[in-house]
Amino acid sequence: MDLTIGIWLICVASGVQLVSAQNLLTNYHITNGFIFPDNVTVVVGESVHLKILVAMTGDDRCLYREPGSNQDVDIHAPSRFRDQGSRNVNVDANECGIKILNVNHEDAGFWRLTLVRGTNLIRGISMVKVIGVPTVPDTSDRDSITGLEEITPMGTDYCYVLRDADTQTRDTPMYEQCSLEVDEMDPTGTGHWNVIAGVQGYMREMHFAINIEHRDEQISASVHRGPDFHVLMCKLQYSPSSTIRFCRFVRVADNLGLNMLPGIGWDRYRYYGNGFEVWDCGLEIEEPDNIDKGLWKCLVGYETDKMVKVSGAIMDNSDEELALAIISVEDVNALNGSEMTLQCNANKPLDYCWFRDHDGEIYSVSENLVHGEGTDYWYSGISLALGDCGIRFKPVSENMTGQWSCHVGSSKYSALEVSAGINVKIGNSQIIAKSDTVVATLGTALVVECSSIPKNTPFQYCRFVTPSGLAFNLDEGVTSDQAILNNYYSNPTHEPKKGYCSLVIRSVAASDLGPWICAGKIAGHAMEQYTMFEVATIQTQAAQTELSTASIVGMAIGAAVILLAAVALGYYSFRRRLRKLTTAVNLEHEMETRTTQRGAPVQQRFSVVSLDRSSNGSRESQGSDNQQRNEQST
């Protein structure tokens, strides 16, 4: 503070002689000083130009004083520079100023310039700050760069960021910081970029290239197998501000779940790692047995930005690594207008997954596709790294019924995709039949079944109506020992309380063939609902097919016969009319001949026979002949 006051007083005192009649508080030179610039930051190796803002005239002299010196040096006396070993300074004869070339750290400090004009002194002081050459922060020790803000050079004045192939700076430069403006077409900015930055104290622009890799928080999974122990490790990466809240391992073979807590173990299992603080979620298995040597899943719950997220990974702890495969997939029933989820799970971490419907339309999904993004479908599952490939639709419609397929890929384990089929049925009732047509063989056992929507919603009761009109209800008490009519009983593996109305027919009879009704009341609903399906034999279906084909052929032959008959009838009618008309003409000619023989005068005339099929035409022709006969008689 004292130094600043001193500089201010020097400038004011030196300038009073030139501005005696002016307001000192508003005069530019008094408030800003006579030296330009009054302070400067410069990089080592650059040059600095300082000058007095008053032009030299006549016998004016210009003096400068270096930092740390108590002696003024006459700028226009080069011999004095050499004698006193002055710094690398250049001058301009038309101004009181100096150019300090190839600046180094010794040039830092206060420089003073004095313009001597007779007995008047015009003096100013400038602060020169010397800094090192700016460098881009080293990123070689980091896994990735997530944004340009991380590598903005110190003291940046402006910055351009261009794609690797771009050479033109078309956009407006950014101020003081290099940043990447992303959009919907390129939301992460991943890839190669060129950066052009103007930096304080450095006249030349800085040019450098970077590669941005955008990585979300993820779980890095690994397996270590010792002689009598196995270690499965899941480590949370790319989330330095996150805190692990829980860690869970699941053995896929039997769904054994383990809550992993640092310092705690059970039986042959214990926590492995250096604590949640360093994002370690590990499991050590001592003397693993065969069931341990298979697929495991880890799930990690972590808090970031006051929100708990869950991620995970699937690991193969088998003696021999398994090929990429889909390990679970189920057919799906859904209610028209409601929600539907298709799920297929793989045994490896996935790079991608997609679905194809029965019409060939493709649906690609990932964790980033969430509900509310403007589509009627989104990703279902925890993460692709966990092997979860799922899609959820809302609303669904009946035209989505058919055979779908699920496709998954993992470049780390296989260049080939694997896929599985999913049978989708959309109905208008919350009870839906397993199959619209069940093929049976007379005298053998058969299972017919319908289930609730959503899946596993319990039935309060369920019942069947056979094609013959026989009706009965089912529960777990209707066993094979207590079969209805010694022929119908409840399927013990698919119980009503688990959302199934499943019937076993001990021996299919002819009376069982035809349309069935499956009805019931689902828990939480006031009204009973029902669906229909048909039981048929292979012979029945073949007969129906043959009958259908014969009917079509018969209809075609019948239509041809009718057409031919119509043509024949029309032709017969035409010939008959033609014969009648010809007979009438001949009769008329005979009558005329007889009249001639009696000696009556004869007028020449022509008979016109019309071949028009209309009766009116025939009558008109006959009318003309009669008219001529009347004329002849008169």
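**Ring pairs, a pocket and some distant contacts**

What we are looking at is a predicted model, in which local features need pLDDT of at least 70 and side-chain atom pairs count only at pLDDT 80 or more, while totals for chains, interfaces and linings use all residues. Residues are numbered from 1 along each chain as its sequence is written, and side-chain values use heavy atoms, with hydrogens and water left out.

The aromatic rings come next. Searching the whole structure gives 13 aromatic pairs, a pair being two rings of Phe, Tyr or Trp (its six-membered ring) with centres within 6.5 Å, called stacked if the planes are under 30 degrees apart, edge-to-face if over 60 and tilted for the rest. Trp266 and Tyr269 make a stacked pair, because their ring centres are 5.8 Å apart and their planes stand at 20 degrees. Tyr269 has a relative accessible area of 6%, so this residue is buried.

Tyr377, where I began, pairs with Phe393 in a tilted arrangement, with 5.8 Å from centre to centre and 40 degrees between the planes. That pair links distant parts of the chain, since Tyr377 belongs to strand β28 (residues 377–379) and Phe393 to strand β29 (residues 388–393), 16 residues apart; strands here are DSSP runs of E with at least two residues, and helices are runs of H or I with at least four, numbered from the N terminus. Phe393 is buried as well, because its relative accessibility is 2%. Elsewhere, a cluster joined by ring pairs holds Phe464, Phe472, Tyr488, Trp516 and Phe533.

Between β28 and β29 there is a loop, and Leu386 lies in it.

Ala253 sits in the loop between β16 (243–251) and β17 (256–259), where it counts as exposed because its relative accessibility is 62%; its C-alpha and that of Trp296, 43 residues away along the chain, are separated by 8.3 Å. Ile517 is placed in strand β39 (residues 514–522) and is partly exposed, with a relative accessible area of 28%, while 9.5 Å separates its C-alpha from that of Ala433, 84 residues apart along the chain.

Now to a pocket, and which residues lie nearest its centre? The second largest pocket has 24 lining residues, and nearest its centre are Asp331, Val332, Asn333, Ser451 and Lys455; a pocket is an open set of points on a 1 Å grid over the protein atoms alone, where a 1.4 Å probe fits, with protein on both sides within 12 Å along at least five of seven lines, and lining residues have an atom within 4 Å of a point. Two or more residues of this lining come from each of β24 (332–335), β25 (340–346), β31 (418–427) and β34 (446–452). Domain 4 (326–427) and domain 5 (431–537) both contribute to the lining, so the second largest pocket lies between them, the bounds coming from an automatic or database domain assignment.

I will finish with β24, whose covered face shows Val332 and Ala334 and whose uncovered face shows Asn333 and Leu335. β24 runs parallel to β31, joined to it by four bridges, where pairing of two strands takes at least two DSSP bridges. Within this pairing, Val332 stands opposite Val424 of β31.

Methods:
Buried means under 20% relative accessible area, exposed over 50%, partly exposed in between (1.4 Å probe, protein chains only).
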